[in-house]
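Please keep the sequence and the model in view while reading.

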Amino acid sequence: MEEKAAVASLAALAQGMRLRIFRVLVGAAPLGMTPGELSATLDVPGSTLSFHLKELMHAGLVTQQREGRNLIYRPAIEQMNELLAYLTAHCCQGAGCEVVSAPACKPTDKPTDKSTSKPTDKPTSKPTSKPTSKPISVPIKSSTSCR
């Protein structure tokens, strides 16, 4: 992917409604959706939807296909993958990054005995190995939640 195409794709996705449209279409892939389905799903007027779909098509992120009397809009998955590859081509100076999930809960000072819910005197964790010179880990939020 060339820089000009990446900029066009990112510019199209930099608008909230277009990002929502694209995400809904990615979720509906490979079947795609009609404008009526998109409009109902996103609760957006048809004229507004039409404008945003045109911008996404111009950026190459969405395709349109006529099936009988219906227009079907689908995400251009290959274009999306090319954009992601372009954005990550030089990640971690080409060394390959290690992605680590962030813990869902902040650990307490002392571990808790699950049967009594009282703190114990056991150490929370032991170091498993010496620090190494690995690529920098990028923490991401975990989808789990604390209870």
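## Where S9 lies

In which helix is the place of S9? S9 is in helix α1, residues 3-13, where helices (H or I, at least four residues) and strands (E, at least two) are DSSP runs numbered from the N terminus. The model is a predicted one, in which local features need pLDDT of at least 70 and side-chain atom pairs count only at pLDDT 80 or more, while totals for chains, interfaces and linings use all residues. Residues are numbered from 1 along each chain as its sequence is written, and side-chain values use heavy atoms, with hydrogens and water left out.

## S9 and Q79

S9 counts as buried because its relative accessibility is 0%; buried means under 20% relative accessible area, exposed over 50% and partly exposed in between, with a 1.4 Å probe and protein chains only. Q79, found in helix α5 (residues 77-88), also counts as buried, at 17% relative accessibility.

The side chains of Q79 and S9 make a polar contact at 3.3 Å, a term for a pair of N or O atoms within 3.5 Å of which, within protein, one must be able to donate a hydrogen and the other to accept it, residues adjacent in sequence counting only if both atoms are side-chain atoms. Neighbours within four places in sequence aside, S9 is in contact (heavy atoms within 4.5 Å) with M1, A59, L61, Q79 and L83.

## Helix α3

In helix α3 (residues 35-42), L38, S39 and L42 are buried. Seen down the axis of α3, these buried residues fall within an arc of 100 degrees, so they line one face of the helix, the arc being that of the directions from the helix axis to the C-beta atoms. The buried residues of α3 pack against α2 (16-28), α4 (46-58) and β2 (70-75).
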